[in-house]
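Hello,

Here is the structure I promised to pass on. Please have it open while you read; my notes follow below.

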Amino acid sequence: MSLFVCSACSKSFLSGWELRRHLHAHADARPFRCSYCTHRSNFKHNLKSHIRTIHPGKPFAFRMEGAAPTTDG
Ligand SMILES: [Zn+2]
Ligand SMILES: [Zn+2]
């Protein structure tokens, strides 16, 4: 049995439409917030490329919605 796995949070689903519905929630949520401006992203790797492009030389830092600042990578 193959599972449909969300690339953003690794949650797995039994059917493709459940995964698609779940991905819409990610698109609406955009929980990853840039530490240097008001940019928000639904995926961590999107925010990473945002920081590389918009804030060159800055370390990768983001805030989860409603969470303390954190760094990764
Ligand atoms: Zn997900
Ligand atoms: Zn930014």
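Predicted model: local features only at pLDDT ≥ 70, side-chain atom pairs only at ≥ 80, totals over all residues.

Ser10 sits in the loop between strand S1 (4-5) and strand S2 (12-13). Its backbone is worth a look. Ser10 has a positive phi of about 65 degrees, yet it is not a glycine. Most residues other than glycine have a negative phi.

Next, Trp17. This residue belongs to helix H1, which covers residues 16-29. Is Trp17 buried or exposed? Trp17 is exposed, because its count of other C-beta atoms within 10 Å is 9, and the exposed class takes in 12 or fewer. Trp17 and Phe4 are 13 residues apart in sequence. In space, their C-alpha atoms are 9.3 Å apart.

Now the overall layout. The protein has 2 helices and 6 strands. Along the sequence, they follow the pattern β-β-α-β-β-α-β-β. How much of the protein counts as buried? The figure is 5% of the 73 residues.

UniProt, in an unreviewed entry, places the feature "domain: C2H2-type" at residues 4-31 and 32-60. I looked at residues 32-60 in the model. That stretch is 38% helix and 17% strand. Its end C-alpha atoms are 12 Å apart.

Two residues from that stretch deserve a note.

Arg40 is in strand S4 (residues 40-41). Arg40 is partly exposed, because 17 other C-beta atoms lie within 10 Å; the buried class needs 20 or more, and the exposed class 12 or fewer. Which residues does Arg40 touch, leaving out those up to four places away in sequence? They are Arg30, Phe32 and Arg33. Arg40 and Arg30 are 10 residues apart in sequence. Their C-alpha atoms are 5.9 Å apart in space.

Lys44 is in helix H2 (residues 44-54). Lys44 also counts as partly exposed, because it has 16 C-beta neighbours inside 10 Å. Lys44 and Met64 are 20 residues apart along the chain. The separation of their C-alpha atoms is 9.9 Å.

If you only have a minute, start with two places. One is Ser10, for its positive phi. The other is Arg40, for its contacts with Arg30, Phe32 and Arg33.

Best wishes

Conventions. Residues numbered from 1 in each chain as written. Chains lettered and ligands numbered in written order. Helix = DSSP H or I, 4+ residues; strand = E, 2+ residues; numbered from the N terminus. UniProt positions renumbered as here; feature names shortened; annotations may be inferred. Contact = placed C-beta atoms within 7 Å.
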